[in-house]
Amino acid sequence: VTGVQTCALPICAGLPGATTQVIFNDGGTNLAGDAGLTYNKATDALTVGGLLTAGSGSITGDLTVDTSTFKVDSTNDCAGVGTTTPNSYAFNDPVKLVIANTGTAGAGNTFTIASGSTGFGQIAFANGTSGTARYNGYIKYDHTSNFMAFYTNAGTERLRIDSSGNLGLGVTPSAWNSNYNAIDIGANGCIAGRAGTSNTVDIISNGDRKSTRLNSSHANISYA
């Protein structure tokens with residue numbers, strides 16, 4: 001090919017010193033700033049200096065990125081972010097992914113799913129690769145209506161917390177007014193907490209607003 005030179009470089013592992021280097025010089029005199037390969041004879045490790053770009057590749061064995069930024073444990077078939085020993089967190093069944101931040105006392109840890117302002121984020125629990133087995137159970141946050149929902153048994157919604165804090169069990173929460181925080185149960189049941197000085201809790205059934213009312217002084221049966 002015109003303008004391209006190729007050459008074979010003999011690499012002598014028996015040279016004095018702990019390492020052997022191949023440096024790709026860009027034409028300057030400062031070799032320290034050039035990319036290259038360094039082979040450490042003591043540890044049998046090959047280090048790439050500079051940016052490595054590959055169309056595809058396969059790694060046999062462990063993979064370590066910046067000590068503990070990312071670790072693939074090939075022996076235990078798991079990966080860790082922020083830890084070099086992800087398998088140490090295993091319980092019951094083998095762990096597959098660990099996100100750790102244990103270096104600073106009192107520090108927190110965040111796993112973020114970022115979506116658009118009208119999108120949604122989900123965590124799915126699958127037991128197959130087709131049909132509802134791909135999302136047999138899942139957790140969803142909807143950014144359009146700002147609700148969080150939990151789904152089980154072939155992706156059927158079982159629980160929803162709406163943007164006002166109302167909770168629906170087996171049903172979408174009703175549109176209660178600002179005087180209530182409510183739990184809707186099934187199609188016709190509800191437990192509603194009423195704001196104000198009475199500290200009242202209404203237990204409503206049959207969807208007709210007949211209720212058992214509990215407050216700070218007594219309990220009675222009343223019609224709401």
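Reply: Happy to! A strand is a DSSP run of E of at least two residues, and strands are numbered from the N terminus. This is a predicted model, in which local features need pLDDT of at least 70 and side-chain atom pairs count only at pLDDT 80 or more, while totals for chains, interfaces and linings use all residues. Residues are numbered from 1 along each chain as its sequence is written, and side-chain values use heavy atoms, with hydrogens and water left out.

Let's look at β5, which runs over residues 70-73. In a regular strand, side chains alternate between the two faces of the sheet. On β5, K71 and D73 belong to the covered face, whereas F70 and V72 sit on the uncovered one. (For accessibility, with a 1.4 Å probe and protein chains only, buried is under 20% relative accessible area, exposed is over 50%, and partly exposed is in between.)

Now meet the neighbours. Two strands pair if DSSP finds at least two bridges between them. On one hand, β5 pairs with β4 (residues 63-65) in the antiparallel sense, over three bridges. Here F70 of β5 has V65 opposite it. The two strands make a hairpin with four residues between them, and D66 in this hairpin takes a positive phi near 50°.

On the other hand, β5 pairs with β6 (residues 78-81), again antiparallel and over three bridges. V72, from the uncovered face, stands opposite A79 in β6. β5 and β6 also form a hairpin, with four residues between the strands. In its turn, D77 has a positive phi of about 55°.
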